[in-house]
Amino acid sequence: MSTPLGSIALLFLKLGTTAVGGPAAHIGMMEDEVVRRRRWLTHDEFLDYLGATNLIPGPNSTELAIHIGYARAGWPGLIVAGACFILPAALIVGSLAWAYVRFGALPVASGLLYGIKPVVIAVVLQALWSLGHTAVKTRALAALAVVSVVASAFGVNEIVILFGAGAIMVVAGTFAAPPEERPRVASFIAAALPAVPGTFATPFGLWPLFGVFLKIGSVLFGSGYVLLAFLRADFVERLHWLTEQQLLDAIAVGQVTPGPVFTTATFIGYLLGGGAGALIATVGIFLPAFVFVALSGLLLPRIRRSRVARAALDGVNVALLALMAVVTAQLARAAIVDWITLVLAVAGAVLLFRWRVNSVWLVLAAAALGIVVTAL
């Protein structure tokens, strides 16, 4: 039995406005609403869709919303659920971007970001630690993570690292595969290689902006925090459209607002191109999620049975964590500028790791403290 589109829209508008705390919190809230309260899905169905989001690129919690919408109302539900989950967060982030551009130099805004930035580093470290326990399952994957860190430190393009890590694990996995599966390896690698883009600098424009975010949305596996690696590589190092400080500010805003962390793209788009830039960036980074969810329903059974696809995904996940670690270290140098920010970063890490304090409350408290400190 299908669900009215109005009910789907209201639920995901509500979740998009109130779901704070990152993808894990979003997923928990969806499970409570969809399985326990409304009984739209069984626990097994919910887990199947959650598993599917981890097999395709893009923001996991947004893709889960899209899956739920499709399950309850077909193609219209797919579009409505995803759009309603994204829209509130995009509007909030866009409003903050406008305020940042207009008032960013004021003492209150400066103090806000002064307190938030070091705590954001602690939040990312916690996510990195948590994801690492899941991703680094073997010594081979641990070694691959080290190689990926070294490659990133020497400036190798992040997409090359990702596809290279996936290909290495596919090749390594063939030694344990049945002989009849081995011919698939070459075709898998050959299909992946054309997806590695060039890294030529491009003057700013709305279409190049759309292209960068479309690429990121099409290849990024894992948590929204992994977005840091891609944003820094493209916008700071390759294109020079943002400074380290502007990137940290964008990340901080994405962390304290509800909804998908990927709405950081909305903030960056507004900084670079105003309202049109915000719209272009938001559409670019989220569009692939709708396409991949639509396709994955057909491909999911084959992906689950494929030894090649599983091995490639293991390698990509480990490489993503390596990129995330390198970027976190680089951003920490811009965030921790004195002993107060050092104390904030350390205290934030202790509260997150030891007492599992909600990251949103922690970031809000750091923002208030930053305002007080800079006002003295």
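I call a residue buried under 20% relative accessible area, exposed over 50% and partly exposed in between, with a 1.4 Å probe and protein chains only. By that cut-off, buried residues make up 51% of the 376 residues in the protein chain.

**Ground rules.** I am reading a predicted model, in which local features need pLDDT of at least 70, side-chain atom pairs count only at pLDDT 80 or more, and totals for chains, interfaces and linings use all residues. Residues are numbered from 1 along each chain as its sequence is written, and side-chain values use heavy atoms, with hydrogens and water left out.

**Whole chain.** I counted secondary structure as DSSP runs numbered from the N terminus, helices being H or I of at least four residues and strands E of at least two. The protein chain comes to 15 helices and zero strands. I took contact to mean heavy atoms within 4.5 Å. Of the contacts between residues at least 6 apart in sequence, 75% join residues at least 24 apart.

**Helix 1.** I checked the length against an expected span, which is 1.5 Å times one less than the number of residues. Helix 1 (residues 5-18) has 14 residues and should span 20 Å; its end C-alpha atoms are 20 Å apart, which agrees. I listed its buried residues as Ile-8, Ala-9, Leu-11, Phe-12, Leu-15 and Gly-16. They cover an arc of only 170 degrees around the axis, which puts them on the same side of helix 1. The arc is taken from the directions from the helix axis to the C-beta atoms.

**Helix 14.** I repeated the check on helix 14 (residues 339-355): its 17 residues should span 24 Å, and the end C-alpha atoms are 23 Å apart, which agrees. Thr-341, Leu-344, Ala-345, Gly-348, Ala-349 and Leu-352 are its buried residues. They fall within an arc of 125 degrees seen down the axis, so they line one face of helix 14. Trp-339, Arg-354 and Trp-355 are exposed on the other side.

**Helices 3 and 4.** I fitted axes as lines to C-alpha atoms, for helices over the stretch in contact, with angles from 0 to 180 degrees between N-to-C directions. The axes of helix 3 (residues 43-53) and helix 4 (residues 60-103) come within 9 Å and cross at roughly 135 degrees. Helix 3 and helix 4 are therefore oblique to each other; angles under 35 degrees count as roughly parallel, over 145 as roughly antiparallel, 65 to 115 as roughly perpendicular and the rest as oblique. On the helix 3 side, Phe-46, Tyr-49, Leu-50, Ala-52 and Thr-53 make the contact.

**Helices 9 and 10.** The axes of helix 9 (residues 206-219) and helix 10 (residues 227-238) come within 10 Å and cross at roughly 155 degrees. That makes helix 9 roughly antiparallel to helix 10.

Val-219 of helix 9 is buried, with a relative accessible area of 14%. Beyond its neighbours within four places in sequence, I found Val-219 in contact with Pro-57, Ile-159, Leu-162 and Phe-230. Its C-alpha atom is 9.5 Å from that of Phe-163, 56 residues apart along the chain. Asp-234 of helix 10 is buried at a relative accessible area of 1%. With neighbours within four places again left aside, Asp-234 is in contact with Glu-158, Val-212, Lys-215, Ile-216, Leu-239 and His-240.
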